[in-house]
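This report describes selected parts of a protein model, moving from single residues to strands and back again. Please keep the sequence and the structure in view while reading.

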Amino acid sequence: MANERKLIGSPFQRGVNETRPYRIDVSVWGAGTYASPAVTILDETGADVTADVLSGSASFSGSYLTTPDFVANGLTAGRTYIMIISWTVNGKTVSAFGQIEAQQ
């Protein structure tokens, strides 16, 4: 994650039953044509838990990237997760990360 940028507002507190996605304005990383959004969730050991935590696909509306929905009870209260988001702008890959603190 050395070349990635931390998302504004991180760390994010999130209830384990919350299913709403995150919406991020990616224009701060450059204007242009946005495509290929992807989201990965890592647990505290660095294991990829995306399939257990997210449902659906990331998407763009203008410069706003919306993550997939979260799965209720996919996160474990008291643990911290890393959310890595990547996309392309004008054909160049960009990525950012944020911490998610799971709460009851």
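## Exposed and buried positions

Asn 73 counts as exposed, because its relative accessibility is 54% and the term applies to values over 50%. The model in which this residue is viewed is a predicted one. Asn 73 is placed in the loop between strand S8 (69-70) and S9. Its phi is near 65°, a positive value in a residue other than glycine.

Ser 36 also has a positive phi although it is not glycine, and the angle is near 55°. This residue belongs to strand S4. Its relative accessibility is 51%, so Ser 36 counts as exposed. As background, most residues other than glycine have a negative phi.

The table below lists the accessibility of several residues.

| Residue | Relative accessible area | Class |
|---|---|---|
| Gly 62 | 60% | exposed |
| Asn 73 | 54% | exposed |
| Ser 36 | 51% | exposed |
| Thr 19 | 40% | partly exposed |
| Ser 10 | 14% | buried |

Ser 10 lies in the loop between strand S1 (5-6) and S2. With a relative accessible area of 14%, Ser 10 is buried, because the term covers values under 20%. Apart from residues up to four places away in sequence, Ser 10 touches Gly 98 and Gln 99. A polar atom of the Ser 10 side chain lies 2.8 Å from the backbone nitrogen of Gln 99.

The peptide bond that leads from Ser 10 to Pro 11 is cis, with omega near 5°. By way of background, most peptide bonds are trans. Pro 11 is likewise located in the loop between S1 and S2.

Arg 14 is part of strand S2 (residues 12-15). What is the nearest side chain of opposite charge to Arg 14? It is Glu 18, at 4.4 Å. Arg 14 is buried yet has no salt bridge, because a salt bridge requires a side-chain nitrogen of Lys or Arg within 4 Å of a carboxyl oxygen of Asp or Glu.

The side chain of Arg 14 does make a polar contact of 3.2 Å with the side chain of Tyr 22. When neighbours within four places in sequence are left aside, the contacts of Arg 14 include Thr 19, Arg 20, Pro 21, Phe 70, Leu 75 and Ile 100.

Thr 19, one of these contacts of Arg 14, sits in the loop between S2 and S3. Its relative accessibility is 40%, and Thr 19 therefore counts as partly exposed. Not counting residues up to four places away in sequence, Thr 19 touches Arg 14, Asp 69, Phe 70, Val 71 and Ala 72. Thr 19 and Ser 86 are 67 residues apart in sequence, and their C-alpha atoms are 21 Å apart in space.

## An open sheet of three strands

Three strands form an open sheet in the order S3-S7-S6, with antiparallel pairing. Strand S3 (23-25) and strand S6 (59-61) are its edge strands, and each pairs on one side only. On average, neighbouring strands of this sheet are turned by 30° against each other, direction ignored.

The pairing of S3 with strand S7 (residues 64-66) is antiparallel and runs over three bridges. Within it, Arg 23 has Thr 66 in S7 as its bridge partner. Gly 62 is located in the loop between S6 and S7. Its C-alpha atom is separated by 7.8 Å from that of Tyr 34, and the two residues are 28 residues apart along the chain.

Why is strand S9 (residues 80-89) described as largely enclosed by the rest of the structure? The description holds because eight of its ten residues are buried.

Strand S4 (residues 34-42) pairs with S9 in the antiparallel sense over seven bridges. In this pairing, Ile 85 in S9 is the bridge partner of Val 39. S9 also pairs with strand S10 (residues 92-103), in the antiparallel sense and over ten bridges. Thr 88 stands opposite Thr 93 in S10. The hairpin of S9 and S10 has two residues between the strands, and in this hairpin Asn 90 takes a positive phi near 55°.

How values were computed
Residues are numbered from 1 along each chain as its sequence is written. This is a predicted model: local features need pLDDT of at least 70, side-chain atom pairs count only at pLDDT 80 or more; totals for chains, interfaces and linings use all residues. Side-chain values use heavy atoms; hydrogens and water are left out. Two strands pair if DSSP finds at least two bridges between them. Helices (H or I, at least four residues) and strands (E, at least two) are DSSP runs, numbered from the N terminus. Axes are lines fitted to C-alpha atoms, for helices over the stretch in contact, and angles run from 0 to 180 degrees between N-to-C directions. Buried means under 20% relative accessible area, exposed over 50%, partly exposed in between (1.4 Å probe, protein chains only). Lys and Arg count as positive and Asp and Glu as negative; His and the chain ends are not counted. A polar contact is a pair of N or O atoms within 3.5 Å; within protein, one must be able to donate a hydrogen and the other to accept it, and residues adjacent in sequence count only if both atoms are side-chain atoms. Contact means heavy atoms within 4.5 Å.
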